[in-house]
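Dear colleague,

I am passing on the structure that we spoke about, and you will find it just below.

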Amino acid sequence: MSDQNTQAAHPPAPAHATADHHEHPTWKQYKWVAFWLTLITAVEVWVYYTPFKESSLFAPTLLVMSAVKFTMVVAYYMHIKYDHWIFKRLFLLGLSIATVTILALLFLFGKLKIGG
Amino acid sequence: MATTAAPAPIGTHAGASYGHGEPTGIWSWLTTVDHKRIGTLYLWTALTFFLVGGIEALIMRMQLMGPNGQLVSAEVFNQLFTMHGTTMVFLAIMPLSAAFFNYLIPLQIGARDVAFPRLNAFSYWVYLFGGIFMTVPIFFSAAPNAGWFGYAPLTTMQFSGGLNIDFWVIGLQILGISSLAAAFNFITTIINMRAPGMTLMRMPIFTWMSFVVQFLLILAFPAITVALVFLLFDRFFGTQFYELAAGADPLLWQHLFWVFGHPEVYILILPAFGLASEILPTFSKKPLFGYNVMVYSGIMIGFLGFGVWAHHMFAVGMGATADTIFAMATLLIGIPTGVKIFNWIATMWGGQLRFVTAMKFAVAMVALFTIGGISGVMHASPPTDLQQTDTYFIVAHFHYVLFGGSIMGIMGGIYFYFPKMTGRYLSEKLGSLHFWFFFIGMNVTFFPMHYSGMLGMPRRIYTYDAGQGWDQFNWWSTIGTILMFVGAIFFIINFFKSRKAGAIAPNDAWGAGTLEWSIPSPPPDYNFAQLPVVTSRYPLWDLKHPEMTADIAHSAPDEMTITDSHAVPMHEETEYKTAKELGIPMPFPTIKPLFAALFLVVMFSGLIFIHVGMFALAMTITIGGAALFVGTLYGWLTSPLE
Amino acid sequence: MATAVAHASDGHAGDSGHGEHAHYTTTGLEHRKIAIWAFIGSECMLFASLISTYLIYKGRSKVGPMPHEFSCKVSNVVASTADGVAALGCAAADVMKPILDIPVTSQSTFVLLMSSLAMVLALEGVENHGKPGYDRWFKGSKFWLAMTALMGAAFLGYQAYEFTAFVHEGLTIKTNLFGSSFFTLTGFHGAHVSAGVLWLLTLLAIDMKRGLKGKNDVLVVDICALYWHFVDVVWIAIFTLIYLIQ
Ligand SMILES: [Cu+2]
């Protein structure tokens, strides 16, 4: 939101001049995304019922899987990957401040320890 | 498409008001979607609330003038300080800033309106009804009474059983909707409605600071929304978020509130910074010093503002690590703020200074904010803060910031932009009196509070005993408040008199350099007959005083591609033609935003009846209000804008 | 120095979507799309506050039921006394039954994820309205809008089932901190889904009446889709953070 150069770096190319004619994810991509979403969800639930659940790596593994799903939906279904950079910035600004706030609050309430 | 023909003599629009073929009746105000009229409504309403909040402060100061004051009871005093804080923050300073957002942002970026004109009207009406909802109970001694920060569990049913807090919780929730709706609107407007050639780094600083503020609003308000929802549920539906007996954490509210509360501080001050940054260059006849640094430090302040909230909570014992992190972040935020102060000073350095009233306010703002900033750096350090927290020292600090900073800046803005809004100057003579009474009064009020605070006088006490060394400081504080009231009276006289009889102001009332001064005063409803093409930060100086902008970056004409048929090179517009004559489509006036706002407030206010045991009635009003609101919304969204 | 004079050939300025006039916009983007992304950014903070509260209060409830398997060893109980154990209502058994029903929630999660697929296909249908191949019912926007709304409603059905089951097991919004924060968080999400279903049904009604087609309709459906997918990603986070991780 702040950078003039980023804006200047985008010439008034046709791709941005009319917002609706941007590149699009395709039918095929949509279905692959759905496939991976289903698969990852299945793995998440499966892992929940295995002894791996007791491992200290369980939570981080699940967080990574959930982050992958999150990213896929945002990138393809919300087509942020193909859209104007302004939308990406607006979303990432909110998302990053929200994430940092969650982490800070968890730390302050003793749910996270700095350095493990 | 008419062009500006032979330049008409500037400043001949006698009787300047909203009378250029535009309707002026009350209905036209209720249905308006014009950002300038909505800005004007914000201004009047917010000034009224400012007066209300001031009177609340005056009563408190009268009570505290000497030891053992008997003017009001402890309970009324609680309501007074709560409503004083709530009113000044949410009903006066924020909406005063909103008045300028509304009036100025489209004019400064060269747009004909905001992105969503009807949403804009909706924001205003929600603010008005929400403000009334929260203020009226004070006449029945049922106003909120737990401080503007409403700490839970103090505000839970167990400790605050009356209706007072209900009005506060619901009222703030309503006002949050108004702020959020407005913020989405202005973000879109600034991103998408800038005139050709106005890159982000050519936007006037006021617009830049407002842009940052809108992001603070949309990211800070959700936190308090959630905190308020918890409190609402605790009070009405028996949840246990703040129920200590059930294992709740007494700090949950404090954290969520200050996650919002600290960015809120910047929401209050950045618009005033922006206004001062418009005034100082104009009356120094120099471009703003270090424009880029001003922009980046504004963004820095915004970002860092989200990482310092716990400095309001050093006294609760968060532990050394947390204290250290938040203290360092807080000290860090002093850097971009200090940078701004030096830039303002450098702007004035070597300039041809003209001390009109607006300039006096702006300079005073820089000076007084610096004092408040320095005392702020003092209690950024936890050990120092433990001595100062909850004393009058803190009261002194944030009044230097919010009165000395925000209000002085906004007052400067009013003197500066009044000619643009009305076509007439405010009287310099009365303005000067206003300024000096405010300036002296504010220092006489708040400076002694540093001392009474250091001597241990706690905040929010309704009375105190003699012999603790606080007496004379309190006496002075009260005298200062009276002086400020005298100043306010001069302002009111000035405001009403000058509207009708002030000296006529031309387009460019002060010789400023930004777009809003290139169109008539007051501007026609479409603002710009033709969109100007901007080639630098001070387009009007480019046109009239090219020597003043010789040192700043320009884009050469051949690098400009003017693809829009409406855009023409930078020019002054002096003619009043109607939008119809010019063929400019204007949004239809509509009453729907007002009704949508009304039903929304009805929906929320129904909840009050749960507390008095009328559950069925409460649900009827709430669900009825919600249904009417959704219905109005459908009607609104399916009717054409223009 | 290049300038940002991107030109909007057909900007639908204003909040109604019926603007016919070519309004100049700086970026060439639609106002409404910028606004919805700003709104989504803001919603991130809303759910962040709700999720933080849930996590902060996790394990702090003084009475059951608890979300996950809970061992009634005295050391696990907040009060750390025999009384505290008794208050939890689990003195009889060694291990308390977890209340969260993973199999059922996995199904509802799957349904919501698939509704996002239906949503992109609905948008695709509107974008390609009238093109060859898109006139078949299973490629058109009406079918997929209806499917999206249906799956959204199914998700709400699962949620209603879950809430009712919890109440039967003695967990209400008033019972303990877990109940308060769980019902508020998932209830907020459910309210978002409900609003989305209403929005989808409105679009479906318009589609039935006059057919969704053309630039402005694509935008209107796109905005609804962005909202819908966002509600979906919030659930992706909730499912992992609240249901799966103990
Ligand atoms: Cu602060």
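The domain bounds used in this email come from an automatic or database domain assignment. For chain B that assignment gives domain 1 (8-555) and domain 2 (595-642), and the centres of domain 1 of chain B and domain 2 of chain B, taken over C-alpha atoms, are separated by 30 Å.

Before going further, please keep in mind that this is a predicted model, in which local features need pLDDT of at least 70 and side-chain atom pairs count only at pLDDT 80 or more, while totals for chains, interfaces and linings use all residues. Residues are numbered from 1 along each chain as its sequence is written, chains are lettered from A and ligands numbered from 1 in the order in which they are written, and side-chain values use heavy atoms, with hydrogens and water left out.

To stay with chain B, the contact (heavy atoms within 4.5 Å) takes 23 residues from domain 1 of chain B and 17 residues from domain 2 of chain B. The size of an interface is often given as the accessible area lost when the parts come together. Here, buried area is the accessible area (1.4 Å probe) that two parts lose on being put together, summed over both. On the side of domain 1 of chain B, B:Arg118, B:Phe122 and B:Phe129 supply 34% of the area buried against domain 2 of chain B, more than any other three residues. The count of salt bridges (a side-chain nitrogen of Lys or Arg within 4 Å of a carboxyl oxygen of Asp or Glu) between domain 1 of chain B and domain 2 of chain B is 0. A polar contact is a pair of N or O atoms within 3.5 Å, where within protein one must be able to donate a hydrogen and the other to accept it, and residues adjacent in sequence count only if both atoms are side-chain atoms. Between domain 1 of chain B and domain 2 of chain B there are 4 residue pairs in polar contact, both at pLDDT 80 or more.

Turning to the contacts between chains, 56 residues of chain B are in contact with 48 residues of chain C. The area buried between chain B and chain C is about 4,300 Å², and carbon and sulfur atoms give 63% of it. The rule finds 1 salt bridge across the interface of chain B and chain C: C:Arg60 pairs with B:Asp249, and the closest N and O atoms are 3.1 Å apart. Between chain B and chain C the count of residue pairs in polar contact is 14.

With chain A, 26 residues of chain B are in contact with 16 residues of chain A. Chain B and chain A bury about 1,800 Å² between them, 85% of it on carbon and sulfur atoms, and B:Leu200, B:Phe215 and B:Leu219 supply 23% of the area that chain B buries against chain A, more than any other three residues.

Chain A has domain 1 (25-81) and domain 2 (84-116), and 20 Å separate the centres of domain 1 of chain A and domain 2 of chain A, taken over C-alpha atoms. Chain C has domain 1 (31-60 + 100-244) and domain 2 (65-98), and the contact takes 13 residues from domain 1 of chain C and 7 residues from domain 2 of chain C. Domain 1 of chain C and domain 2 of chain C bury about 690 Å² between them, 58% of it on carbon and sulfur atoms.

With kind regards
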